Every structure is written in C-alpha cells, then in structure tokens.
Amino acid sequence: ADDCFLQFLNIRVHESQGYESKQIPLRPRVRFNARKVAKEMEENGVPQDQITYNTLLSGFAKRGDVEGCYECFSEMLRRKLEPNTITFSCLMTAFVRRGDMDGALEAVEEMKSRQIPLDEVAYNTLIDGYAKVGDFDSATQTLKEMDASRFQPGTITYNSLIAGFGKVGRVEDARSLFNEMGRRNVRRDTVSYNALISAYVRVGDIENSVKIVEEMKKKRVRVDATTYNAIIDAYAKKGLFEEVWTWLSHMNEAKVKPDFVTYTILIDGLFKAGDFDAAVDVYEEMRKQRQPMSLITYNMLISIFSRRKVLNKVHSLLADMKREGVMPDIITYNSLIDAYCKSDDLLKAVETFDKMLTENVKPNTITFNTLIEAHVRQGDIDGGFMVLEEMRTHV
C-alpha cells in the first residue's frame, strides 16, 4: 500500500511541475530535501517523530507544495513513522490548494485502506476543495456524510460552502445554508456574513447586501475591511460614487483602515468612470499610506494603469517593485507588453519581451498573441510571422 500511494504521489509531483494553481499564486520553488533536514535534526538532537514530520507537512501543504509533501511523506515512511489523520489531512490540503481533487480523494482512499478515520479538518478540507472547483453535489454529499459521523459541521464548513455558492451566483443556496447555521446554532462569524454579502454583490443585489451589514452591526458581529470593500466595490461597479464616498466615510467612522483592496477598487472604478485625476490621487494616497504591496497587488495596479495607458504610473510602480525587491512575473510582463502595444510603441514592447527572457520568465500564448496582433495592426506581417516562429520555440 505504501509503495502504491508513494508512486501516486510521485506521479502527481511530476504532473504539478510548472502547473499554475488557480487557488494560490506560485512562490519560487525551493528544493526540499527531507533526508538532509532529517540528518541535520539528528545531528542537533532534535527528536524525529510523527509530530515533527506532520509539522513539516503542514508548512508545505499550506502553500500547495505537493513535491515538499511527497519528500516529507517518503522520509516519514522510510523512518517507519506511522502516518495519522493529521498526516493525510495535510496531504489533502496540498492537493486542494492546487485545485487537484483527484489527488485529495486518493489520500482519502489511502486513509480508508489504513483504517484511519476522517476528522473534522479532513471533512472541511474536502468540502472546501469541492466548493472551490464548483462540484457542489459532492460538497453537499460530503456535508451529509460529515453530519452522519461524530463530527458535526461547524462554522468553517458552512463558510466554505456559502462562499462557493456565492462565487457562482447561487444566492438562494448560500442564503439557505446561512439560515441553516442559525437553526442549528452554528456560530455565524464575520466570514459567514461576508460570504453572503459577496454572494448578493455578485448578482448585483446591493440592497440585500447593505441589509446584511446592518444585521451584523445589530448582532455585534465585527464589520471588517472585507465587508466594506464588498459594498464599496458593488457601488463602484455601478458608477455610484456618491455612495462609494459615503461608505468610505462609514469605514473611517468605524475605525476600519482601508487596505490595498479598497484602494484598488477605487482606482479601477474611477478609471472606468473616466475620472482619471481622482484615480491617480487615490493611487498617490495609497503610496503615502505605505500600503503593504505584494506581487499580486503590484500586478493588479500595473494592469489597471496599463489598460488606461498611464505609463508614467506603470514605470513608477516598476521602480517601487525594484526597490522593494519584488520580482516581476509573467502577469507583470504581459501587462507591460500589452500597454506598449496599445500605445503603438512596438519597439518598447519588444525590448520588454527581451528583458523578460533574460530574467528567465517564460512567455505564454498571451504574450505572443499580443505581439503578433500589434505587428499585424501596424502592417508588419513579416514581423508577425517572426513572432510566430519565436512562439514555437517557447510555448
């Protein structure tokens, strides 16, 4: 059984090479050598037991690193340490974070073959995974199985399903589960309310979203930045900026600080409304407040400014990235190339493409399609064919 499951994990590791997860952004891969770590632990007198390896597994699982989990699990078995429910829950988490439900289910089957029972964490991980890939029949069935076991569905379980239904616009299902929580005396926390608010916002029902916020206040449930952002985003998408500023005022009165999501919503909304000066003012305020900026944040802002061809702000963001030691990725470069192409600066677009290659960032079909379209638009058919030839060597 060990060999079969290890073989399965090994296959999944190779399949995941270069695979971009839909759930989380990939971090730079750091090669993990479990045996080397184990040897260092041994030399330093650190006990190597089930808890140690489960802790290591947990770290890799949270980042969706199937390879790291495989190394840990292999070394665990080599040292004749018995995996338990926590071990397999970590493996399931790694697969779910990669959007790989087949892998998660294989871990469940291995648990059953070892007669290891699923616990609350394992059930929640499965339900969360099904909800994220949109398999609500399986998610609901797992909820029923959990209900029939000695583990009753709790807040985390319901929150995953409510969020999942909300993302696909199934508001009535989300509301039904939210109401079920109340009937079963399952605590409804800020995340529960935010998931339901997001569900209504997704279908454009601002009225009910606002009512839920009022309910939160009455029941003294913490209203956080995510709550306000959902309402602000709903009004911004409809171009109702008087309401946007009102809710920003409510946010300020509640002493809830705007985060990078708030600023991004405002910048994007103001650009779409044609108020470019106000959008740039919000961006400058964001910099003034020294909002923490991740690669995702930079990419969002670069994309917004690139689409509007505000290249001076794009260059400013690139300079900030360099200063903060944040390396551009394929999304960053694609946004830049698209901005230059739309500004008819094909030379700069090609220079950016060349820089991308020197930085070992692999171009994708979006990169090449953007360049080909730009060449054709300028009447440079030969240039378009040259890009097509280059594409064959990279994609």
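1. Let's start with a pocket. Helix α11 is the top contributor to the lining of the second largest pocket, giving 7 residues. Here a pocket is an open set of points on a 1 Å grid over the protein atoms alone, where a 1.4 Å probe fits, with protein on both sides within 12 Å along at least five of seven lines; lining residues have an atom within 4 Å of a point. Helices are DSSP runs of H or I of at least four residues, and strands are runs of E of at least two, numbered from the N terminus.

2. Before going further, a word on the source. This is a predicted model, in which local features need pLDDT of at least 70 and side-chain atom pairs count only at pLDDT 80 or more, while totals for chains, interfaces and linings use all residues. Residues are numbered from 1 along each chain as its sequence is written, and side-chain values use heavy atoms, with hydrogens and water left out.

3. Back to that second largest pocket: about 720 Å³ of space lies in it, where a volume is the space filled by probe spheres set on grid points joined across faces, edges and corners. Its lining has 24 residues, and Lys 167, Asn 194, Ser 198, Arg 202 and Thr 226 are the ones nearest the centre. At least two lining residues come from each of α9 (155-167), α11 (190-202), α13 and α15 (260-272). By type, the lining has 10 nonpolar, 7 polar and 7 charged residues. In this count Ala, Val, Leu, Ile, Met, Phe, Trp, Tyr, Cys and Pro are nonpolar, Asp, Glu, Lys and Arg are charged, and the others, Gly among them, are polar.

4. For the overall picture, the protein has 22 helices and 0 strands. Of its 395 residues, 49% are buried; buried means under 20% relative accessible area, exposed over 50%, and partly exposed in between, with a 1.4 Å probe and protein chains only. Among contacts (heavy atoms within 4.5 Å) between residues at least 6 apart in sequence, 61% join residues at least 24 apart.

5. The largest nonpolar core has 114 residues, and Leu 126, Ile 197, Ile 232, Val 244, Trp 247, Ile 267 and Phe 305 have the most contacts inside it. Helix α13 (residues 225-237) gives the most to this core, with 8 residues. Such a core is a set of buried Ala, Val, Leu, Ile, Met, Phe, Trp, Tyr and Cys residues joined through side-chain atoms within 4.5 Å. As background, nonpolar side chains tend to be buried together in soluble globular proteins. Beyond its neighbours within four places in sequence, Val 244 is in contact with Ile 232, Tyr 235, Ala 236 and Leu 266.

6. Met 216 deserves a look. This residue sits in helix α12 (residues 206-218) and counts as buried because its relative accessibility is 0%. Setting aside neighbours within four places in sequence, Met 216 is in contact with Thr 190, Tyr 193, Asn 194, Ile 197, Val 221, Arg 222, Val 223 and Thr 227. The C-alpha atoms of Met 216 and Thr 227 are 9.9 Å apart, with the two residues 11 apart in sequence.

7. Asn 299, in helix α17 (residues 295-307), is buried at 6% relative accessibility and touches Asp 329, Ile 331 and Thr 332, not counting residues up to four places away in sequence. Thr 352, in helix α20 (residues 346-358), is buried at 9%. With neighbours within four places in sequence left aside, Thr 352 is in contact with Tyr 333, Leu 336, Ile 337 and Tyr 340.

8. On cysteines: with a disulfide taken as a pair of cysteine sulfur atoms within 2.5 Å, the count comes to 0. For Cys 90, the nearest cysteine sulfur is that of Cys 69, 7.0 Å away. Cys 90 is buried at 8% relative accessible area, and Cys 341 is buried at 3%.

9. Most residues other than glycine have a negative phi. Arg 290 has a positive phi, near 55 degrees; it lies in the loop between α16 (276-288) and α17 and is exposed at 75%. Asn 360 has a positive phi near 60 degrees, lies in the loop between α20 and α21 (365-377) and is exposed at 72%. Asp 281, in helix α16, is exposed at 53%.
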